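Subject: Structure handover

Hello,

Here is the structure I promised to pass on. Please open it and keep it in view while you read my notes below.

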Amino acid sequence: MEKSASVAALLLLLCFPVAFSGHDYGQALSKSLLFFEAQRSGVLPRNQRVTWRSHSGLNDGKSSGVNLVGGYYDAGDNVKFGLPMAFTVTMMAWSVIEYGNQLAANGELGHSIDAIKWGTDYFIKAHPEPNVLYGEVGDGNTDHYCWQRPEEMTTDRKAYRIDPSNPGSDLAGETAAAMAAASIVFRRSNPAYSRLLLTHAYQLFNFADKYRGKYDSSITVAQKYYRSVSGYNDELLWAAAWLYQASNNQFYLDYLGRNGDSMGGTGWSMTEFGWDVKYAGVQTLVAKFLMQGKAGRHTPVFQRFQQKADFFMCSLLGKGLRNIQKTPGGLIFRQRWNNMQFVTSASFLTTVYSDYLTSSRSNLRCSSGNVAPSQLLSFAKSQVDYILGDNPRATSYMVGYGNNFPQRVHHRGSSIVSYKVDRTFVTCRGGYATWFSRKGSDPNLLTGAIVGGPDAYDNFADRRDNYEQTEPATYNNAPLLGVLARLSSGHSGYSQLLPVVPAPVVRRPMPIRKPKVTSPVRASGPVAIVQKMTSSWVSKGRTYYRYSTTVINKSPRALKSVNLSIKNLYGPIWGLSRSGNSFGLPSWIHSLQSGKSLEFVYIHSTSPANVAVSNYTLA
């Protein structure tokens, strides 16, 4: 059997040579974001791009006296599970925090932010009181008994909550992490909303920490589907890490330092990361804080966190003491059911850790010796390339990407004719008889969905009833946003700005290097741009620089308008008007005459931003 399988795999390789050419990560990124629109519950917006979907779940929460309309369906069913939904939002936010510039360069930053806000808007509704959080709408048992479109489901929509008498520290902690991470995303574009999210995050963390318990002991209907095997200590540390990153409040850094050992943050040597087990994510974030020189008196504890982060990374590369299993085709393999969730989340951690180490000029420390950070990014690329088609089956496990992808996805909405096309009522059991059992392709393309993926031997069966391999999930896609954005920028352009000053553990002070400033002239047609650094100063151990940038009209005609693209900007800017991700003439300048110039300034703690002309109009 093994020999024949190998021959079959070889034949597949020969039949699909195109799948092994370079991948369009930007296209894959755009498609992956569409999947979140297909998973939306509630009243869909006018700019909804997945047009075969319609409004659904419009009475969610009504029987409990609360408005729970909105949020995401987790996978191929019509239940809203709070724990995986919160993890999904946390990972989308982390992707934007680390790779927002790359997302913007691909034209997907706006869609990413919209996807995050769809989740956080729901969490605000689900958290009506400081110590109350609704963690599920619908239940898996009744939902899985039926095969219906979300637009007309007849299943029970009961809402389940946690409170002081029925605690759920893991659920509240993960939701606090999601709100805190998202508050960073909205800090500039929507400061009021950012503050609101942070307020909810504070309250949720306090609730989680004060009233401790596993959420699935309170919301027992979740046990069969999203049991919290790891308990809640990892989510409490995870939430504290995100709250520190969002608020810079020393309390949360101290929480990590005081509880890192007792709560398992420095003790667990992990080989997985996902919606249940957060330890590897915590260890990665705390290692970042250590590299940033923020550990202070907690340095010994944070170093132990980093050792565990290194353990996780080394195990993925096959250079550790206990290495993660891989398929013959090179995909990391954790379990039969939806293995791809672990692939995408691990790929994200290796991607950011590679950039953290590169920024701090460090190597990965494995039992076999030091490893260059670039190997971590190469590993992430190998996993993404496998997903997109570089595998023994030459199958793309992203629906709609490439020429050979799953056609019979285990997904109710995708597998039943669109409600907009045919409003004939699909009954609970009739959906199984008419649509679930169909051998044909799905009538609605679930573009961008990452399905569960192959087994331990790279085998995959494209059948709707094969839920272990063909069911997608939001938490499969969420970590991939950052990885695809990073890969689309090539092997440069990472934006993890670690401080140029040394960490406190380094006794010998290192010289502060002023960034190299080139005075162009960078020109785009008749518009020239000149940058220069005008001053610098040190505040709280970090060096800040003031840059003056001059835009010159070299045309014999007046410049009526100009749009500038400014990348790698990490501080305030003055002297330009802003619209979304584009910058233009300030409101007090209606045109720039021939030979004239305007100046704008910005302040941040690194090399000059990348300023370029997107377009312009001459009089």
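This is a predicted model: local features need pLDDT of at least 70, side-chain atom pairs count only at pLDDT 80 or more; totals for chains, interfaces and linings use all residues.

Residues are numbered from 1 along each chain as its sequence is written, and side-chain values use heavy atoms, with hydrogens and water left out.

**Strands around β9**

Strand β12 covers residues 582–584. Its pairing with β9 is antiparallel, over 2 bridges. (Two strands pair if DSSP finds at least two bridges between them.) Strand β9 spans residues 559–567 and also pairs with β14, residues 610–618. That pairing is antiparallel as well, with 8 bridges. Look for Leu 559: Leu 618 in β14 stands opposite.

**An open sheet**

Which order do the strands β1, β2 and β3 take in their open sheet? The order is β1-β2-β3, and the pairing is antiparallel. The edges are β1 (80–81) and β3 (159–162), each of which pairs on one side only. Strand β2 (residues 133–137) is joined to β3 by 4 bridges. Within this pairing, Tyr 134 has Arg 161 in β3 as its bridge partner. As background, side chains in a regular strand alternate between the two faces of the sheet.

**Two domains**

The chain is assigned domain 1 (65–489) and domain 2 (527–618). Such bounds come from an automatic or database domain assignment. The C-alpha centres of the two domains are 37 Å apart.

How many residues are in contact across domain 1 and domain 2? Domain 1 gives 5 residues and domain 2 gives 6. Contact means heavy atoms within 4.5 Å. The buried area between them is about 470 Å², and carbon and sulfur atoms give 36% of that. (Buried area is the accessible area, with a 1.4 Å probe, that two parts lose on being put together, summed over both.) Helix α3 (residues 82–105) supplies the largest share of domain 1's touching side, with 3 residues.

Best wishes
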